[in-house]
Amino acid sequence: MGFSETLSQYDSLDMAAYLDAVKPADVERVLAQHSLTPQDYLTLLSPAAEGMLEAMAQKANDISLRHFGKTIQLFTPLYLANYCTNQCVYCGFNTANKIQRTQLSAAELKVEAEAIAATGLKHILILTGDAPAKSTVEYIGSCATLLSEYFSSISIEVYAMTQDEYAYLIDRGVDGLTIYQETYNKDLYEELHPKGPKRDYAFRLDAPERGCEAGMRTVNVGALLGLESVWQRDAFYTGLHAEYLQRKYPGTSIAISLPRMRPHVGAYEPASIVTDRNLVQLMLAQRIFLRSVGITVSTREPAALRDNLMPLGVTKMSAGVTTAVGGHTSDDSSTEQFEISDPRSVEEMCRAIEAKGFQPVFKDWEPF
Amino acid sequence: MEANNNDALVIGGVSLTSRLFTGTGKYGSDTIIPDVCASSGSQVITVALRRVDVNAATGNVMQHIPKHMQLLPNTSGARNADEAVRIARLARAAGCGDWIKIEVISDNKYLLPDGYETAKATEILASEGFVVLPYVNADLYIARDLVNAGAAAVMPLGAPIGSNRGLKTKEMVRILIDEISLPIIVDAGIGAPSQACEAMEMGAAACLVNTAIAAAGDPVAMGRAFGDAVRAGRAAYLARTAAVSSGTADASSPLTGFLGGM
């Protein structure tokens with residue numbers, strides 16, 4: 001039984017009606033509980049709960065301190081390539097977009113790795129566009145092997161792979177998988193992905209599970225907030241996905257990201273605007289529902305907001321970020337996926353984290 | 001409160017006057033660790049090897065651990081016995097000494113220890129000369145396995161890690177204290193000094209406290225409070241607590257009255 005069967009249990013749920021019917025007393029009851037059901041989680045995503053964010057924040061902060069302490073794990077993305085065979089209408093790498101396409105050579109990657117390692121970072125996330133013929137599994141594997149000389153933990157955010165391909169990369173030093181479903185709405189998904197291998201909704205939906213089966217230590221899921229007209233829908237299903245994986249693979253560390261759409265090349269406009277209040281509400285609800293699941297916040301969010309999110313349940317943040325291929329050693333932005341909102345260096349992020357009374361953590365794992 | 005110098009806890013040939021073990025995780029800044037060590041009086045400190053970057057010029061937790069502390073590296077992150085053994089060997093190779101706290105956890109939601117894998121790792125590492133302190137559920141059978149495997153102590157949890165819920169396994173810990181010849185060190189779940197005191201009054205050999213100190217508003221003051229509580233509990237245990245009255249006084253002896261006056 002895969003996650004699709006869990007999802008199908010909610011086919012008949014009238015989510016808008018459920019959310020509208022939630023009263024403040026329902027939210028109070030959920031906040032008084034130790035363990036939450038999926039319905040309780042949905043209650044915390046309601047408009048009624050939006051009026052009770054401080055009470056939710058107090059509970060989320062308490063849970064976070066006990067589970068994770070006053071620490072924030074740091075990482076940075078490293079773009080290996082931006083070749084892409086898809087036409088995701090919301091993405092800057094869309095094959096129809098006329099941007100410069102490139103892929104790092106081993107020598108170029110070494111220079112990037114040295115520049116990042118010099119900042120002290122030990123955890124890295126490597127990314128490619130969705131072009132399996134260009135950025136092959138073997139290419140990504142050889143990059144991981146090279147990077148393992150510089151970093152203690154390597155995660156991938158690439159196209160959906162088979163279990164054997166994930167196992168191949170684990171053998172070459174990869175220990176984490178990040179893969180976003182983008183949207184859990186199948187019809188919308190097919191509309192947004194008109195061409196390319198990514199169009200296969202089911203193959204992507206089961207990718208996190210294949211990563212768990214292959215032996216990834218951490219698996220990070222998420223939806224791109226703004227694609228759905230009702231933001232709670234993908235927020236809810238992302239939480240369910242994380243809970244499903246945590247229950248089925250207790251030995252894997254499951255994490256969630258909450259990416260909001262950012263300006264990019266192309267004309268696609270978000271279907272909904274997820275406000276800062278919405279984002280905070282979602283993060284609090286996730287922390288209260290999924291007490292021990294990691295929460296990753298990227299530089300899609302601006303510095304001031306990121307700073308204020310720290311005590312609310314964040315476990316992992318990116319720093320010293322560029323979304324351009326080779327961007328850690330070049331100022332050329334012509335290859336970037338999207339514009340970031342928090343350009344702070346690793347050192348600046350450390351100071352910001354410390355100013356909040358938290359400790360920036362560089363190393364939390366190595367292959368033993 | 002003064003430590004009782006005639007009441008040392010000896011583990012792996014090391015004599016300890018403090019029965020409070022502390023940790024290094026979850027602090028807002030590692031720079032506070034020396035102050036917590038000082039205020040709590042703790043002499044043993046555990047550190048996750050996964051967090052240690054021996055090559056880092058700064059930001060290395062080891063730089064903040066006072067020299068006099070007995071280092072207790074732990075195998076946090078290990079999902080089975082093999083990984084725990086590898087981490088322990090690396091800890092020793094990195095100069096962290098022979099003490100090792102075995103944590104084998106393959107459930108990231110509750111962080112409950114895997115007793116079977118822990119016992120396997122204990123057997124291997126004890127045979128290699130490690131001083132093995134395994135973190136386990138409060139279970140008599142697991143504890144007996146650990147005795148046979150060569151453990152130096154048994155560290156049952158009071159409640160799940162980081163829960164601060166107190167000595168929820170009290171009756172099971174009491175059985176271990178009564179039946180197991182090794183020191184019983186309550187590890188995990190203790191959220192308040194009164195709970196540590198209670199464990200020590202029962203006869204626990206020591207308590208390991210991390211989250212309740214690290215996540216406190218004032219970790220240094222909370223470290224002091226835990227140090228005092230553990231000493232008080234131990235002193236009460238040694239003083240042998242007076243019997244607790246059932247609440248009724250009865251001069252007659254309905255069951256033994258037939259014996260007449262002696």
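The model is a predicted one. E182(A) is not a glycine, yet its phi is positive, at about 75°. With a relative accessible area of 8%, E182(A) is buried, since buried means under 20% relative accessible area.

A188(B) counts as buried, its relative accessibility being 9%.

| Residue | Phi |
|---|---|
| E182(A) | about 75° |

**Nonpolar cores**

In soluble globular proteins, nonpolar side chains tend to be buried together. The largest nonpolar core here has 119 residues, and within this core L45(A) and I156(A) touch the most other members. Which residues does I156(A) touch, leaving aside those up to four places away in sequence? They are L125(A), I126(A), I140(A), Y166(A), L169(A), V174(A), G176(A), L177(A), T178(A) and M216(A). Another core, of 60 residues, lies apart from the largest one. Its members include V47(B), V104(B), V132(B) and V186(B).

**Chain B as a whole**

Chain B contains 8 helices and 10 strands. Its radius of gyration is 20 Å, close to the 18 Å that the globule rule gives for 262 residues, so chain B is as compact as a globular protein of that length. Along the principal axes, the C-alpha atoms of chain B fill a box of roughly 80 × 40 × 35 Å.

Of the 262 residues in chain B, 53% are buried. The accessible surface of this chain is about 11600 Å², and carbon and sulfur atoms account for 51% of that surface. Contacts in chain B can also be sorted by separation along the sequence. Among those between residues at least 6 apart, 65% join residues at least 24 apart.

Charge is the remaining topic for chain B. The chain has 21 positive and 25 negative charges. How far apart are the mean positions of these positive and negative charges? The separation is 3 Å.

How values were computed. Residues numbered from 1 in each chain as written. Chains lettered and ligands numbered in written order. Predicted model: local features only at pLDDT ≥ 70, side-chain atom pairs only at ≥ 80, totals over all residues. Heavy atoms only, no water. Core = buried A, V, L, I, M, F, W, Y, C linked by side-chain atoms within 4.5 Å. Buried < 20%, exposed > 50% of the residue type's maximum accessible area, 1.4 Å probe, protein only. Contact = heavy atoms within 4.5 Å. Helix = DSSP H or I, 4+ residues; strand = E, 2+ residues; numbered from the N terminus. Rg over C-alpha atoms; globule rule 2.2 N^0.38 Å. Areas by Shrake-Rupley, 256 points an atom, 1.4 Å probe, with all protein chains shown as cover. Lys, Arg positive; Asp, Glu negative; His and termini not counted. Charge placed at Lys NZ, Arg CZ, Asp CG, Glu CD.
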